[in-house]
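This briefing goes through one protein structure by topic. Please look over the sequence and the structure first.

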Amino acid sequence: MRGRDFEALGGRGAQHGQQPQAEGGDIENILFSDITVETRFFHEGWWGRGEPIAVMAVPWTENCGTIRNVRFRNILCRSENGALVIAQDPGRIEGLTFDDVRVEIDRWSSWPGGHADLRPRRGEDFPELPTDGFHLENAHDVRLRDCEVVRTAHPDDARHALYAERCTGLTNRDFRGTAAHPDEEAVVLR
């Protein structure tokens, strides 16, 4: 998929929000803007674990595509989980921009948190993954501008406002958010 714009959208009560997912082909030059989304946990029979934004480059079969130049601008999220960016290998996700994205983490369903849904990835479908406001793994050239994480719930599986692991070229301007618990750091870069 190339050169698409998704603008002025809204959605409530879904199991996931905007989800560019490179399953075997490439995704590039995509814009998501002026969107309000509310997502929640559901039974594992439904795909998604309440991620309001999920950018995933994990192989469905033996092949995995790439995701490049995707922008999220002016997005309001209320969710039971945070935004997720994850690639199985470095070099599969690059050039992401989050501009004026607000993630409000709350809990109102009876389903447990603390897991991601990476289906139909080969391997473990529901790996343990704490609830971070923004969770980034194996991405290059990610820009966060004027983003915010607000917590109205502090479940045990919640952790950082921003967690980034193996993310080269990460830039962060005017990011606001606190950790879920006093013994955690708000921003962790590894």
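The structure holds 1 cavity of 30 Å³ or more. The model is a predicted one, and every value below is computed from it.

**Cavity**

- The volume of the largest cavity is about 70 Å³.
- Its lining is made up of 11 residues, and Asn81, Gly82, Leu84, Leu129 and Pro130 are the ones that lie nearest its centre.
- Leu84, one of these lining residues, is also the bridge partner of His135 in strand E8.
- Gly82 and Asn81, also part of the lining, are among the residues in contact with Thr131.

- Strand E8 spans residues 134–137.
- On one side of E8 are Phe134 and Leu136, on the other His135 and Glu137, and all of these are buried, leaving both faces of the strand covered.
- E8 runs parallel to strand E6 (residues 83–87), and 4 bridges join the two.
- E8 also pairs with E11 in the parallel sense, again over 4 bridges.

**Strands E3 and E5**

- E3 and strand E5 (residues 67–79) run parallel and are joined by 11 bridges.
- In this pairing Val37 stands opposite Cys77 of E5.

**Thr131**

- Thr131 is located in the loop between strand E7 (93–105) and strand E8 (134–137).
- Is Thr131 buried or exposed? Thr131 counts as buried because its relative accessibility is 0%.
- The side chain of Thr131 makes polar contacts with two side chains: that of Asp157 at 2.5 Å and that of Arg107 at 3.1 Å.
- Beyond its neighbours within four places in sequence, Thr131 is in contact with residues including Glu80, Ile105, Gly114, Arg151, Ala158, Arg159 and His160.

**Cysteines**

- How many disulfides does the model contain? The count comes to 0.

**Positive phi angles**

- Most residues other than glycine have a negative phi.
- Asn74 has a positive phi, near 55°, although Asn74 is not glycine.
- Asn74 sits in strand E5 and is partly exposed, with a relative accessible area of 33%.
- Arg166, likewise a residue other than glycine, has a positive phi near 55°.
- Which part of the chain holds Arg166? Arg166 lies in the loop between strand E11 (162–165) and strand E12 (171–173).
- The relative accessible area of Arg166 is 43%, so Arg166 is partly exposed.

Key:
Residues are numbered from 1 along each chain as its sequence is written. This is a predicted model: local features need pLDDT of at least 70, side-chain atom pairs count only at pLDDT 80 or more; totals for chains, interfaces and linings use all residues. Side-chain values use heavy atoms; hydrogens and water are left out. Two strands pair if DSSP finds at least two bridges between them. A disulfide is a pair of cysteine sulfur atoms within 2.5 Å. Buried means under 20% relative accessible area, exposed over 50%, partly exposed in between (1.4 Å probe, protein chains only). A polar contact is a pair of N or O atoms within 3.5 Å; within protein, one must be able to donate a hydrogen and the other to accept it, and residues adjacent in sequence count only if both atoms are side-chain atoms. Contact means heavy atoms within 4.5 Å. On a 1 Å grid over the protein atoms alone, a cavity is a set of points where a 1.4 Å probe fits but cannot get out, and a pocket is an open set with protein on both sides within 12 Å along at least five of seven lines; lining residues have an atom within 4 Å of a point. Grid points are joined across faces, edges and corners, and a volume is the space filled by probe spheres set on the points.
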